[in-house]
Amino acid sequence: MNRKSPAHRRQGRRAAVAAGLVLAVGLGVSTQVSAQAAVGAPAKASTAAPQSVSGRSGQVVTRVADFYGAYIDAKGDYTDPDVTLATALRKHYLTPGFAKRLAAWEKKNGADGVLRAQNVPARWTVTDNGTMGHSHEVIVTLTFGSGKTTQKTKLFVLVERYNHISEIATTSAR
């Protein structure tokens, strides 16, 4: 494998994501890996303005975007998905009770419960949907496919007041 091969770049990206997760778990702060997850393919020369991704430590929307960006990146390589990283991300971001319910859902439905799908989306967006009592709801829109054959799935992610995901559903808790 040469230095410029896609596999070599993936290993470097995974190492950076894993190091960020270890640091985040150790320090208790949100990882800022969504920008890395958004940089999946080599940049093409264009006249468009450079893309930027930003976030804020402690902000619920940023936390959910960090989780989904890193999780999709870990799961997204069909030839060599990083199962260890995906598992560590779930352990770090999900409440233990929800993780058990999610595992039961996955067994019953034969799909990834975080993505509510058997495959990995090509794009995603994360939008604030406001507070609900002691929780906060965030909308994650996943886009599967490309070109004219795309399908969007909207997920409603409930984050408890201690910044752990306690529910992922296809309908709002509102």
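The following conversation concerns a predicted model of a protein chain.

Biologist: What does the secondary structure of the protein chain come to?

Modeller: The chain has 5 helices and 4 strands, and from the N terminus the elements run α-α-α-α-α-β-β-β-β. Helices here are DSSP runs of H or I with at least four residues, strands are runs of E with at least two, and both are numbered from the N terminus. Because the model is predicted, local features need pLDDT of at least 70 and side-chain atom pairs count only at pLDDT 80 or more, whereas totals for chains, interfaces and linings use all residues. Residues are numbered from 1 along each chain as its sequence is written, and side-chain values use heavy atoms, with hydrogens and water left out.

Biologist: How much of the chain do buried residues make up?

Modeller: Of the 174 residues, 40% are buried. Buried means under 20% relative accessible area, exposed means over 50%, and partly exposed lies in between, with a 1.4 Å probe and protein chains only.

Biologist: Which residues of helix α4 are buried?

Modeller: In α4, residues 83–93, the buried ones are L85, A86, L89, R90, H92 and Y93. Seen down the axis of α4, they fall within an arc of 165°, so they line one face of the helix. That arc is taken from the directions from the helix axis to the C-beta atoms. V83, T84 and K91 are exposed on the other side of α4.

Biologist: Which residues in α3 meet α4?

Modeller: R63, D66, F67, A70, Y71, A74 and K75 in α3 meet L85, A86, L89, R90, H92 and Y93 in α4, where contact means heavy atoms within 4.5 Å. By class, this contact has 8 nonpolar, 1 polar and 4 charged residues. Ala, Val, Leu, Ile, Met, Phe, Trp, Tyr, Cys and Pro count as nonpolar, Asp, Glu, Lys and Arg as charged, and the others, Gly among them, as polar.

Biologist: At what angle do the axes of α3 and α4 cross?

Modeller: The axes of α3 (residues 60–75) and α4 cross at roughly 160° and come within 9 Å. Axes are lines fitted to C-alpha atoms, for helices over the stretch in contact, and angles run from 0 to 180 degrees between N-to-C directions. The two helices are therefore roughly antiparallel, a term for angles over 145 degrees, with under 35 counting as roughly parallel, 65 to 115 as roughly perpendicular and the rest as oblique.

Biologist: Turning to the loops, where is N163?

Modeller: N163 is in the loop between β3 (149–160) and β4 (165–169). N163 has a positive phi of about 65° although it is not a glycine. Most residues other than glycine have a negative phi. N163 is partly exposed, at 23% relative accessible area.

Biologist: And S166, buried or exposed?

Modeller: S166, in strand β4, counts as buried at 17% relative accessibility. Leaving aside neighbours within four places in sequence, S166 is in contact with T95, F98, R101, L158 and E160. The C-alpha atoms of S166 and R101 are separated by 9.8 Å, with the two residues 65 apart along the chain.
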